[in-house]
Amino acid sequence: MTRQRTLAEPFRIKMVEPVRMTTPEYRKQILRNAGYNPFLLRSDDVYIDLLTDSGTSAMSDRQWSAMLLGDESYAGASSWEKLETEVKDLTGMHYVLPTHQGRAAERILYGQLGGKGKVFVSNTHFDTTRANIEFTGATAFDCMSDESLDIDLELPFKGDMDIAQARQYILQYGPENVAAIVLTVTNNSAGGQPVSMANARQVRALCDEFGILLVLDGCRIAENAYFIKHREANYSDKSFREIAQEMLSISDAFIMSAKKDALVNMGGLLVLRDKKLAEKCTNLLIISEGFATYGGLSGRDMEAMTVGLQEVFDMDYLHYRIKSTEYLGKHLQEKGVPLVKPFGGHAIYIDAKNFYDHIPVHEFPGQALVCDLYEQGAIRCVEVGSVMFGKYDAQGNHIAPKSELVRLAIPRRVYTQSHIDYVIDVFDDIIENKHQSTGFKITYEPPFLRHFTATFQRL
Ligand SMILES: *Cc1c(COP(=O)(O)O)cnc(C)c1O
């Protein structure tokens, strides 16, 4: 029997980016100046940045060297040919449209499919997905089971779509009005939880029954494939790429923010099977993003994306990715920090309502924890609760969402295990001082997406 060894990084470092530690007094001062909103901090004042996994990946030596081969021709660049070949091979779809990031692909596709009276059904629409759909005048419905939304239940595929709910919406609005079913893998807004192949096949069957287009929002399709290989019967012998290809083979369209599982800092993809739809989308692409062979990307961006799409399915990479996220979760759990379970692929979510149970939801316990993590440890993360999703009733009273979470998102290939150990250590101080922590009131908020720019005052 081989003994368990430490989870060492499957890479070594040949270029370093210094990060600077500051004093708690300094951080208290500048957090106050930033209105207690970490989005308004300078990144130089952050030691460990767990704000998002989007566009924050470290590229490999192969990606950086591929960038030197970037062909910056306006049309028909060789860098484009490489990307197109790679994406066609991965997706099995013929029409590849490059975009500058995921939401540009969404705007183009949903702008084409949406409009007043149209309905979209999803396991969970990511916020930019919902915004792009609603912007066209269409309506977006999320279909999740109560079990999946229970943050304490330990189930293997909590990202799955609730098929019965989806069917209900189709029958209620009429299949002719359902523009598409959008399957988000992994289910980002539901805690980075995976979607099973069995569920994807049920969604396909539902689409076939009613003649509806199936869009795979696959920003984290490699991470999702890891969970299928390890949790779903009959997939243990398949490669991660084969599993992703199988899920793509039953989809009609693929949208990807390359800032996630393509391991680049900027980029996106819209990939389609249908020629007519592709022609319409290509027209919109050329109007708003760029010519069809670059769509807002430089040749070097496309080179890096091509290599990233290969590297992300590497066994050592994916194993480390999922296990290192789990490592953070396990150690926080051992300290008694209440977490959403099972652990997702790209982030650990803390149940702040439970952890800071002395702070009422209208005083934002999640924001309190986010601010404490910054003040005490120079760690930046984001509240996913009343600040992000809270609403007001007619009398101006706070309506809280179902849960008050804090997300620690892990950038890909950026932090080592000792950085994560540091984060875990900071929680000793957080736990010790948690009863001294106080809530917040909002001093400024914009009408939309308030978490980005709102400011606060400590109570
Ligand atoms: C990030 C993300 C998007 C949007 O992509 P951007 O590159 O940020 O525009 C869409 N869907 C999901 C599931 C995402 O995680």
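Strands S6 (residues 214-217) and S7 (residues 253-257) run parallel and are joined by 3 bridges. Asp217 has Ile255 in S7 as its bridge partner. The model is predicted. Asp217 is also listed among the closest of the 15 residues that surround the ligand.

**Sheet**
- The open sheet has 7 strands with mixed pairing, in the order S2-S8-S7-S6-S5-S3-S4.
- Strand S2 (95-99) and strand S4 (139-142) are at the edges and have a single partner strand each, so one side of each lacks a neighbour in the sheet.
- Ignoring direction, neighbouring strands of this sheet are turned by 20° against each other on average.
- Helix H8 (residues 197-210) packs on the sheet and touches strand S5 (178-184) and S6.
- The direction of H8 makes about 175° with that of S5.

**Ligand contacts**
- Besides Asp217, the closest residues to the ligand are Gln101, Arg103, Ser257 and Lys260.
- A polar side-chain atom of Gln101 is 2.9 Å from a ligand oxygen atom.
- For Lys260, the distance from a polar side-chain atom to an oxygen atom of the ligand is 2.8 Å.
- For Arg103, the corresponding distance to an oxygen atom of the ligand is 2.7 Å.
- The ligand taken alone exposes 380 Å², and the protein buries 98% of that.

**Shell around the ligand**
- Helix H4 (102-113) and helix H5 (127-135) are the elements that give two or more residues to the shell.
- H4 supplies the largest share, 3 residues.
- By class, the shell holds 7 polar, 6 charged and 2 nonpolar residues.

Notes:
Residues are numbered from 1 along each chain as its sequence is written. This is a predicted model: local features need pLDDT of at least 70, side-chain atom pairs count only at pLDDT 80 or more; totals for chains, interfaces and linings use all residues. Side-chain values use heavy atoms; hydrogens and water are left out. A residue is near a molecule or strand if one of its heavy atoms lies within 4 Å of it. A polar contact is a pair of N or O atoms within 3.5 Å; within protein, one must be able to donate a hydrogen and the other to accept it, and residues adjacent in sequence count only if both atoms are side-chain atoms. Accessible areas come from the Shrake-Rupley method with a 1.4 Å probe; for residues, only the protein chains shown count as cover. Helices (H or I, at least four residues) and strands (E, at least two) are DSSP runs, numbered from the N terminus. Ala, Val, Leu, Ile, Met, Phe, Trp, Tyr, Cys and Pro count as nonpolar, Asp, Glu, Lys and Arg as charged, and the others, Gly among them, as polar. Two strands pair if DSSP finds at least two bridges between them. Axes are lines fitted to C-alpha atoms, for helices over the stretch in contact, and angles run from 0 to 180 degrees between N-to-C directions. Contact means heavy atoms within 4.5 Å.
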